[in-house]
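Dear colleague,

Please find below the structure that I am handing over to you. My notes on what was found in it follow directly after.

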Amino acid sequence: MAYTDKVIDHYENPRNVGSMDKEDPSVGTGMVGAPACGDVMRLQIKVNEQGIIEDAKFKTYGCGSAIASSSLVTEWVKGKTLDEVKQIRNKDIAEELELPPVKIHCSVLAEDAIAAAIADYQSKHVTA
Amino acid sequence: MTLKLPIYLDYSATTPVDERVAKKMCDCLTAEGNFGNPASRSHVFGWKAEEAVEDARDQVAALVGADPKEIVWTSGATESNNLAIKGAAQFYKKKGRHIVTMTTEHKAVIDTCRALEREGYEVTYLDPEPDGLLDIEKFSAALREDTVLASVMFVNNEIGVVQDIAQLGSICREKGIIFHVDAAQATGKVKIDLQDLPVDLMSFSAHKTYGPKGIGALYVCRKPRVRVEAQMHGGGHERGMRSGTLATHQIVGMGEAFRIAGLEMASENERIRMLRDRLWAGLQDMEEVYLNGDFERRVPHNLNVSFNYVEGESLIMALKDIAVSSGSACTSASLEPSYVLRALGRNDELAHSSIRFTFGRYTTVEEIDYVIALVKRAVGKLRELSPLWEMYKDGIDLSSVEWAHH
């Protein structure tokens, strides 16, 4: 299977690989996918007091397109507000990386990971 | 010394044609060469071509201990499997309509059985043991009064395990059941002596044994006499079992390839075993590395390994300097991991993490050493990226995690 240059670039030089403390109240963690499906993506965001994502980290078990999708997303979410980030759609990721149809699910997973990370962060900041 | 990249370690997918074979084939193509139709009876062009075809038939028969009259040319092992299974099931249908085979067979066997199911046959698909081998008792217990045919492959294409064909065959003989064996991956790798082996039908391929693609053969036993219904009708070639003009150059290529295999098998297998053991020794000191299929009862040409917590397709991407195949889903559009590894009872992570290395005539020690270093680097890098590896390192039992399936 031929990969696009963008996928290869993210795969060979993944951005923002790593982990943050899950217990930190400023960190939201989203883990989506399952080993059974061959993809597990973990996205973490660190949100500052102004509600802006100041850092993002990922780790992904999955094919090259899954790794590239999550690497790209960490770049895209940094510096944005949660509301802005919620606008990112899987279609945007698939278009940027020129994913073939059989790899669209990787971009869907990346969108799910953003939503899960935001949900986790917000669950730590429930305002009565 | 300089290494030529990429390194080919996918000999079970296909082998290059041996130079000696290619030369013989070229002699059967042009006006200057042996181009005649082997079925032409009225002139020397036909006679010469027929002689070449019959010499090749002798060579193929010699490698497997058969009588040349028991060898029927086909287009490859897929066609041989179709002819054997459909042909025997249809010819003997009055006896019964039940077939026994394995879940780890090649698709050419499984899909042929599925086609027969649509014609009203009943098929039992037996799972192997976790080591890939078929349990003799389970096989015996699956045979019924109305079982007409059993089909078990000699050497598995994904994991390289060697089934106990002699024992399976004698059980079939006792019960009067036709026994077919797909030996596409076996020629030149294991000794085959059909004088002794109680096998009724055996499929062969040329291109897994340094012959050309597009040619194969079916062994059809004469003592006891086994009959198959033709699947290809026409001029009545191959004693009516398979019509179609014989491809002299292909047939000559298969004959020469099998002749060379017979001569060089013993020394070649020793050399390849040494290479395989060297690779396995080099990989084994990594953590969480698992061999798929029994180590002893397998051909030396195959090493199928799961690198836990690393997904197979991403690993193949990192191993772009070597040509290997993966049992992982993503290499195909199916999104299902290898059905062979699943049949062994491997969990999904391990099934998704497998790489099949297959070695052959042109593999060198230098290549193996390069591969060891490359695989170690790639697995290390991908584990750094893998949340599953991190969880494993943190002592989290992955089977206890509730995954968000999507």
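A crossing of two helices is called left-handed if the near helix is turned anticlockwise from the far one by less than a right angle, and right-handed if clockwise. Helices (H or I, at least four residues) and strands (E, at least two) are DSSP runs, numbered from the N terminus. The model is predicted: local features need pLDDT of at least 70, side-chain atom pairs count only at pLDDT 80 or more, and totals for chains, interfaces and linings use all residues. Residues are numbered from 1 along each chain as its sequence is written, while chains are lettered from A and ligands numbered from 1 in the order in which they are written.

Chain B as a whole

Chain B contains 12 helices and 13 strands. Its radius of gyration (taken over C-alpha atoms) is 23 Å, close to the 22 Å that the globule rule (2.2 Å times the number of residues to the power 0.38) gives for 406 residues, so chain B is as compact as a globular protein of that length. Along the principal axes, the C-alpha atoms of chain B fill a box of roughly 80 × 60 × 35 Å. Of the 406 residues in chain B, 51% are buried; a residue counts as buried if 20 or more other C-beta atoms lie within 10 Å of its own, as exposed if 12 or fewer do, and as partly exposed in between, with C-beta atoms placed from the backbone. Two residues are in contact if their C-beta atoms, placed from the backbone, lie within 7 Å. Among the contacts in chain B with a separation of 6 or more, 73% are between residues 24 or more positions apart.

Helix packing

In chain B, the axes of helix H7 (residues 248–284) and helix H11 (residues 365–385) come within 10 Å and cross at roughly 20 degrees. Axes are lines fitted to C-alpha atoms, for helices over the stretch in contact, and angles run from 0 to 180 degrees between N-to-C directions. H7(B) and H11(B) are therefore roughly parallel to each other; angles under 35 degrees count as roughly parallel, over 145 as roughly antiparallel, 65 to 115 as roughly perpendicular and the rest as oblique. The crossing of these two helices, H7(B) and H11(B), is right-handed. On the H7(B) side the contact is made by B:Leu275, B:Arg278, B:Leu279, B:Gly282 and B:Leu283, and on the H11(B) side by B:Val365, B:Ile368, B:Val371, B:Ile372 and B:Val375. By class, this contact of H7(B) with H11(B) has 8 nonpolar, 1 polar and 1 charged residues. Here Ala, Val, Leu, Ile, Met, Phe, Trp, Tyr, Cys and Pro count as nonpolar, Asp, Glu, Lys and Arg as charged, and the others, Gly among them, as polar.

In chain A, the axes of H2(A) and helix H4 (residues 90–97) come within 10 Å and cross at roughly 110 degrees. H2(A) and H4(A) are therefore roughly perpendicular to each other, and their crossing is right-handed. The residues that meet are A:Ser65, A:Ala68, A:Ser69, A:Leu72 and A:Val73 in H2(A) and A:Ile93, A:Glu96 and A:Leu97 in H4(A). This contact of H2(A) with H4(A) has 5 nonpolar, 2 polar and 1 charged residues.

Where the chains touch

Between the chains, 24 residues of chain A are in contact with 24 residues of chain B. On the side of chain A that touches chain B, at least two residues each come from strand E1 (27–34), strand E2 (39–47), strand E3 (53–61), helix H2 (64–77) and helix H5 (104–123). E1(A) gives the most to this side, with 4 residues. By class, the residues of chain A on this side divide into 15 nonpolar, 6 polar and 3 charged.

Individual residues of chain B

B:Asn156 lies in the loop between strand E5 (147–151) and helix H6 (165–175) and is buried, with 28 other C-beta atoms within 10 Å. Leaving aside its neighbours within four places in sequence, B:Asn156 is in contact with B:Thr104, B:Gly132, B:Val161, B:Gly293 and B:Val340.

A cis peptide bond joins B:Leu5 and B:Pro6, with omega about -10 degrees. The peptide bond from B:Lys223 to B:Pro224 is cis as well, with omega near 0 degrees.

With kind regards
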